[in-house]
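Thanks for coming. I will go through one model, starting with its helices, then the strands, the ligand shell and a few backbone details.

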Amino acid sequence: MRHIARKRFGQHFLTDTAIIDAIVDAIAPQAQQALVEIGPGLGALTLPLLARLPESSRPLTVVELDRDLAARMRQRAHITVVESDVLKVDFAALAAERGQKLRVVGNLPYNISSPILFHLLGCADQVQDQHFMLQKEVVDRMAAEPSTKDYGRLSVMLQWRYEVEHLFDVPPEAFDPPPRVDSAIVRMQPKREPPQLDLALLQELVATAFSQRRKLLRHTLGRWLEARAWGGSFDLQRRAEEVPVAEYVALAQSL
Ligand SMILES: C[S@@+](CC[C@H](N)C(=O)[O-])C[C@H]1O[C@@H](n2cnc3c(N)ncnc32)[C@H](O)[C@@H]1O
């Protein structure tokens with residue numbers, strides 16, 4: 001039966017086979033890896049991914065919220081279906097079940113892309129890498145360098161933990177129905193030796209710093225540090241966007 005795309009689940013199904021091939025090439029799945037796909041939909045990525053794996057090592061886990069689509073996936077061999085909101089999935093438990101780090105992939109529902117990225121940030125230790133299709137504007141922010149217009153909270157909160165790589169752009173015509181925005185593929189690899197820090201504290205610090213992008217940091221972060229009676233040295237005569245990720249990390253570690 002034909003599936004009618006559900007807007008509330010951010011359903012835009014990939015149809016361009018050249019783009020699908022390029023994504024699967026970028027993922028380059030290998031035998032025995034623990035692949036987890038978020039939002040398999042009608043299987044545009046799922047089936048080509050499976051086709052690349054030898055018969056003996058095919059188990060692929062998919063997480064799908066749409067009951068009808070989950071039921072379709074269940075009819076396929078070699079696929080374990082988790083019918084759930086991805087934000088409720090315990091990825092650390094999935095990795096423990098598989099006894100190895102996960103390779104997480106997906107053409108994500110754009111309406112909840114940031115919550116998904118932050119949910120996965122909490123279990124980056126259990127992840128080998130992530131390949132996602134997202135709004136191009138979001139990928140630009142994730143991968144942005146300091147002193148550019150796209151550099152902000154998302155850049156800092158992801159780059160301290162992952163190597164973030166913007167792979168290629170995808171036009172709306174590659175989907176059915178087409179989204180209103182351009183899309184892009186991003187690769188995220190957790191750093192092998194990430195800095196040790198309090199994630200909630202870094203989050204608060206970075207949110208405070210970027211709360212008023214145009215102002216100098218002494219008006220925002222300066223006050224926040226003062227309230228903590230912090231006595232270290234940090235150049236507050238800059239704007240939040242001028243501060244490299246490593247400096248935010250060092251500041252969070254010193255608090
Ligand atoms: C952009 S579509 C991608 C579908 C398919 N992978 C493709 O590329 O054609 C997003 C998929 O995520 C599913 N989805 C939406 N919200 C979800 C959630 N909270 N948890 C899990 N899956 C979700 C949708 O039902 C849909 O299948």
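Let me begin with helix H8, whose buried residues pack against helix H7 (153-159), helix H9 (221-227) and helix H10 (245-254). A contact here requires C-beta atoms, placed from the backbone, within 7 Å of each other. Helices (H or I, at least four residues) and strands (E, at least two) are DSSP runs, numbered from the N terminus.

Two remarks on the model itself. It is predicted: local features need pLDDT of at least 70 and side-chain atom pairs count only at pLDDT 80 or more, while totals for chains, interfaces and linings use all residues. Residues are numbered from 1 along each chain as its sequence is written.

Back to H8, residues 199-209: Leu202, Leu205, Val206 and Ala209 are its buried residues. Buried is taken as 20 or more other C-beta atoms within 10 Å of a residue's own, exposed as 12 or fewer, and partly exposed as anything in between, with C-beta atoms placed from the backbone. Viewed along the axis of H8, the buried residues fall within an arc of 95 degrees, so they line one face of the helix. The arc is that of the directions from the helix axis to the C-beta atoms.

In H10, the buried residues are Tyr248, Val249, Leu251 and Ala252. These cover an arc of only 165 degrees around the axis, which puts them on the same side of H10. Their cover includes H7 and H8. On the face turned away from the buried side, H10 carries the exposed residues Ala246 and Ser254.

Now the strands, which count as paired if DSSP finds at least two bridges between them. Strand E5 (residues 102-107) and strand E6 (residues 127-135) are parallel, with six bridges, and Asn107 stands opposite Met133 in E6. Together with helix H5 (residues 113-121), E5 and E6 form a right-handed β-α-β unit. Right-handed means that, with the strands pointing away from the viewer, the path from the first strand over the helix to the second runs clockwise. E6 also pairs with strand E9 (residues 183-190), in the antiparallel sense and over six bridges; there, Gln130 is opposite Met188 in E9.

E3 and strand E4 (residues 79-83) run parallel and are joined by five bridges, with Thr80 in E4 as the bridge partner of Thr61.

What surrounds the ligand? The shell has 24 residues, and the closest are Gly39, Gly41, Ala44, Asn107 and Pro109; a residue is near the ligand if its C-beta atom, placed from the backbone, lies within 6 Å of it. Strand E1 (13-14) and strand E3 (60-64) are the elements that give two or more residues to this shell.

Last, the backbone. Most residues other than glycine have a negative phi, and most peptide bonds are trans. Ser147 has a positive phi of about 60 degrees although it is not a glycine, and Ser147 lies in the loop between H6 and H7. Thr148 is in that loop too, and its C-alpha atom is separated by 7.2 Å from that of Glu241, 93 residues apart along the chain. Ala229, in the loop between H9 and H10, has a positive phi of about 50 degrees. Ala229 counts as exposed because it has 6 C-beta neighbours inside 10 Å. The peptide bond from Asp176 to Pro177 is cis, with omega near -10 degrees.

How values were computed: Contact = placed C-beta atoms within 7 Å.
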